[in-house]
Amino acid sequence: PAKEIEAAVQTGIAAVVALREAVGPTVDIMIDCHSFFDVERAVNVARRLESQRVAWYEEPIAPERADETLAIKNRIRQPMSGGEVLFGVAGFSALVQRHAVDVIMPDVKHCGGLLELTRITAMAAEADVMVAPHNPSGPVSTAASVQVCAGMKNVNYLELQYGEVDWRSDALVPPERFIDGTIQVPDRPGFGIALNQDVIRARQLPL
């Protein structure tokens, strides 16, 4: 019902306002809409969020709907991002070639692997589209994504799933470490990491 939808929208906007008040004006806030909107609602919500200076407005509608995504982008002021579930160069082509978003978000687990992630990122670079790999994942996916990010010029963020368990960083050798919001690119072979089998075995659930 329209009344309930509007109440939910107001709650979401209030949460963004509270977050901006909490973190101040210099911290980037990204909004993920999870493809819940249509074009008109997406535009309406984006305009109501303008005063909060959102760094990007992610997937107000499904990224496969490139025409509608572009229609939203042309009517709002916030940068747009999307594409976390798309597969391969072909899957991202419409968003990139039509500049329907400012940032694409390929996920190494879903987009076709490391080589395909590299190809997608290269295609985006040719079109002056930025890339922020989708990565709400464990440390192995992060390590794999880091390798691609380090070698491409048009990557601006790497998503990180933070604070799920206190032993996450110790599941790798060397341990996963972040310094001032960045992760160092390892100089070891492969992904630059190995699994810490002692930590993994100690955390296995009983059968």
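**Close-up views of the predicted model**

**Figure 1. A look at the cysteines.** Cys33 is buried at 5% relative accessibility (buried is under 20% relative accessible area, exposed over 50%, partly exposed in between; 1.4 Å probe, protein chains only). This is a predicted model, in which local features need pLDDT of at least 70 and side-chain atom pairs count only at pLDDT 80 or more, while totals for chains, interfaces and linings use all residues. Residues are numbered from 1 along each chain as its sequence is written, and side-chain values use heavy atoms, leaving out hydrogens and water. Cys111 is buried too, with a relative accessibility of 0%. Its closest cysteine sulfur belongs to Cys149 and lies 11 Å away, too far for a bond. The structure as a whole holds zero disulfides (pairs of cysteine sulfur atoms within 2.5 Å).

Figure 2. Step inside the largest pocket, with its volume of about 820 Å³. A pocket here is an open set of points on a 1 Å grid over the protein atoms alone, where a 1.4 Å probe fits, with protein on both sides within 12 Å along at least five of seven lines; lining residues have an atom within 4 Å of a point. The volume is the space filled by probe spheres set on the points, which are joined across faces, edges and corners. The lining counts 31 residues, and those closest to the pocket centre are Met30, Tyr157, Leu158, Glu159 and Leu160. By type, the lining residues divide into 21 nonpolar, four polar and six charged (Ala, Val, Leu, Ile, Met, Phe, Trp, Tyr, Cys and Pro are nonpolar; Asp, Glu, Lys and Arg charged; the others, Gly among them, polar). At least two lining residues come from each of helix 1 (2-23), strand 1 (30-32), strand 2 (56-58), helix 6 (139-151) and strand 8 (182-183). Helices (H or I, at least four residues) and strands (E, at least two) are DSSP runs numbered from the N terminus.

Figure 3. Follow the order 1-2-3-4-5 and you trace an open sheet of five strands with parallel pairing (two strands pair if DSSP finds at least two bridges between them). Strand 1 and strand 5 (130-131) are the edges, each pairing on one side only. Strand 4 and strand 5 run parallel and are joined by two bridges. Val103 has Met130 of strand 5 as its bridge partner.

Figure 4. The structure holds 10 salt bridges (a side-chain nitrogen of Lys or Arg within 4 Å of a carboxyl oxygen of Asp or Glu). In one of them, Glu50 and Arg77 meet at 3.8 Å, N to O. This pair links distant parts of the chain, 27 residues apart: Glu50 sits in the loop between helix 2 (39-48) and strand 2, and Arg77 in the loop between helix 3 (66-73) and strand 3 (80-82). Glu50 is partly exposed at 28%, whereas Arg77 is exposed at 71%. Arg98 and Asp67 form another salt bridge, with their closest N and O atoms 2.0 Å apart. Arg98 lies in the loop between helix 4 (88-97) and strand 4 (103-104) and Asp67 in helix 3, so the pair ties together parts 31 residues apart in sequence. Arg98 is partly exposed at 40%, and Asp67 counts as exposed at 51%.

**Figure 5. A salt bridge with two buried partners.** Arg168 and Glu176 form a salt bridge, their closest N and O atoms lying 2.7 Å apart. Arg168 is buried at 10% relative accessibility, and Glu176 is buried at 9%.
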